Amino acid sequence: MPGNDITSPDFKESKPYMNNHNDKKKEEIIEKVLQYLESGKTPAEIFGLFPKYQEELKEILSTYNLLKEESKKIVPTKESFQQIIDKINVSVTNELNPRYSYMEEVQGRPSLEKINNITKIFNLMNINWKIWAPVGIVAVVALVIIGSSQLGTKSPQAPITDSGQAQEQPIAVSQDLPKVAVAEPATGNVDDAVNAILASVSDDEALFADAIKDSELIAADNQSINNFGQSYYENEF
Amino acid sequence: MNSKKILTIVLGLAIATNLFLPVASFAQTTTVANRFCTNIDKILSPIDQRIADREGKLQAKRQEISDNLAKRINERDAKKLENRNVRDDNRDAQYAKLEAKATTDAQKQAVASFKTTVESAVSARKATVDSAIQALRQSVDQSITARKSAVDAAINAFKNSRTAAMEKAKADCVAGVDAKTVRETYRTSMKAAQDKFKSDFQAIEKLKGSFETVRAERKQAVEKAIADFKVVMEKARADLKTAFQQ
């Protein structure tokens, strides 16, 4: 309806008897004007959109600009802000620096750009849902058909793979062979001679110890035997 | 009815079908059981395959053990020979130096006596150690052989039970016994065979105890031989020192 278009020149005239309604419309116009300002439109462009309200809008914009400029000055100095914080009795944090962030722009309501982005995402989700829902249904139906056909033709069988078989480790029995014998120099001294001969004892001790370790090989096939014992799966059929 | 509602209904039906599908598969258990007789060879063949595969792996492991043992023994024998040659040569060098140092007849006689005593003690020690090592080697070989024999017997028992269970299943199928009963009988037989194999193997593992007896005996013998050798050597040292008045 043209009468409901707030940018229409005959908007006010279309319903002159409804004061409350007009007030509401004016609020809407102001809201729209603020959005245009935030989106970067110049005042001249905005006045062109609302020719009937040009005078009123000039006043409003003047006031808006004044408040905007003054609002920047309202930000307290760092010192005064610190005093305010110091007077607060509740200790929130041990942080020494004031928590106030001096930003170039004071964040207000979400910008129109943000709203537009959200709208785009929402629209994209709607489009995706329309695409993926039929695809998902087709996939589910296909699975049902495949499952039903296999159920009728194949009997369940145990896997042929050796999944129930424990991994066999390579044989690892250490062998501490005796060290290479070093011939002690013959000096003609009795102690040197006897000590050199006694040194051979360590060779025999090492040889015997290694021979004992051979026994570790006796049961080195334990895992293989256990695996054989698991050749039959109890719940195979 | 808009498109979203239609899609929702179709999707719901599809999900519901999938939910009830497993129930339908359980309902066909009887069909599967019936197929036990018609496809018995195909159904049981994976077990044969696993038995053959794992028996093959056991044989390979046994060969690996045998090779490993032979390698250890060869390395040990080579090292023993090498070191003993070095020690023998060194003893000769020590004797020669002592003989050169002996100036009196008494000293020469003392060196000769020292040489005889030491060689006798070394021989005794070597003999005891070699005998002990040989005994251990034989015990290991015997243990491996006994274990192999016992394990093979257990494996054969398992395989025989498996064959008997399969033949009975086939005969029962031919005789018209209910397929489900045939299958359950087969499962019970195989479980019993498997349990018997496990208990057989547990008994086999205790065979290692025979080696422990040999090991303990030979360890004691070697320790005594080494201790005796040290005693003899200390006495020889003292006698020779007396002769040389050191």
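In helix α8 of chain A, the residues A:Asp203, A:Asp204, A:Leu207, A:Phe208, A:Asp210 and A:Ala211 are buried, a residue being buried if 20 or more other C-beta atoms, placed from the backbone, lie within 10 Å of its own. These residues cover an arc of only 160° around the axis, which puts them on the same side of α8(A); the arc is that of the directions from the helix axis to the C-beta atoms. An α-helix has 3.6 residues a turn, so residues three or four places apart point the same way. The 13 residues of α8(A) should span 18 Å at 1.5 Å a residue, and the end C-alpha atoms are 19 Å apart, which agrees; the expected span is 1.5 Å times one less than the number of residues. Helices (H or I, at least four residues) and strands (E, at least two) are DSSP runs, numbered from the N terminus.

The model is predicted, so that local features need pLDDT of at least 70 and side-chain atom pairs count only at pLDDT 80 or more, whereas totals for chains, interfaces and linings use all residues. Residues are numbered from 1 along each chain as its sequence is written, and chains are lettered from A and ligands numbered from 1 in the order in which they are written.

Chain A contains 9 helices and 0 strands, and chain B contains 6 helices and 0 strands. Of the 237 residues of chain A, 13% count as buried; for the 246 residues of chain B the figure is 26%. Contacts are assigned where the C-beta atoms of two residues, placed from the backbone, lie within 7 Å. Among contacts in chain A with a separation of 6 or more, 60% are between residues 24 or more positions apart. In chain B, 83% of the contacts between residues at least 6 apart in sequence join residues at least 24 apart.

Beyond its neighbours within four places in sequence, B:Val118 is in contact with A:Ile197, B:Arg91, B:Met233 and B:Ala236.

Not counting residues up to four places away in sequence, B:Arg125 touches A:Asp204, B:Ala225, B:Ile226 and B:Phe229. The C-alpha atoms of B:Arg125 and B:Lys230, which are 105 residues apart along the chain, are separated by 9.9 Å.

The contact between the chains takes 61 residues from chain A and 85 residues from chain B. On the side of chain B that touches chain A, two or more residues come from each of α1 (3-27), α2 (29-38), α3, α4, α5 (179-205) and α6. Helix α3(B) gives the most to this side, with 35 residues. By class, this side of chain B has 40 nonpolar, 13 polar and 32 charged residues, where Ala, Val, Leu, Ile, Met, Phe, Trp, Tyr, Cys and Pro count as nonpolar, Asp, Glu, Lys and Arg as charged, and the others, Gly among them, as polar.

In chain A, A:Ala220 lies in the loop between α8 and α9 (222-229). With 21 C-beta neighbours inside 10 Å, A:Ala220 counts as buried. Residues up to four places away in sequence aside, A:Ala220 touches A:Ile171 and B:Ile65. A:Ala220 and A:Val173 are 47 residues apart in sequence and 9.4 Å apart in space, C-alpha to C-alpha.

Methods: A residue is buried if 20 or more other C-beta atoms lie within 10 Å of its own, exposed if 12 or fewer, and partly exposed in between; C-beta atoms are placed from the backbone.
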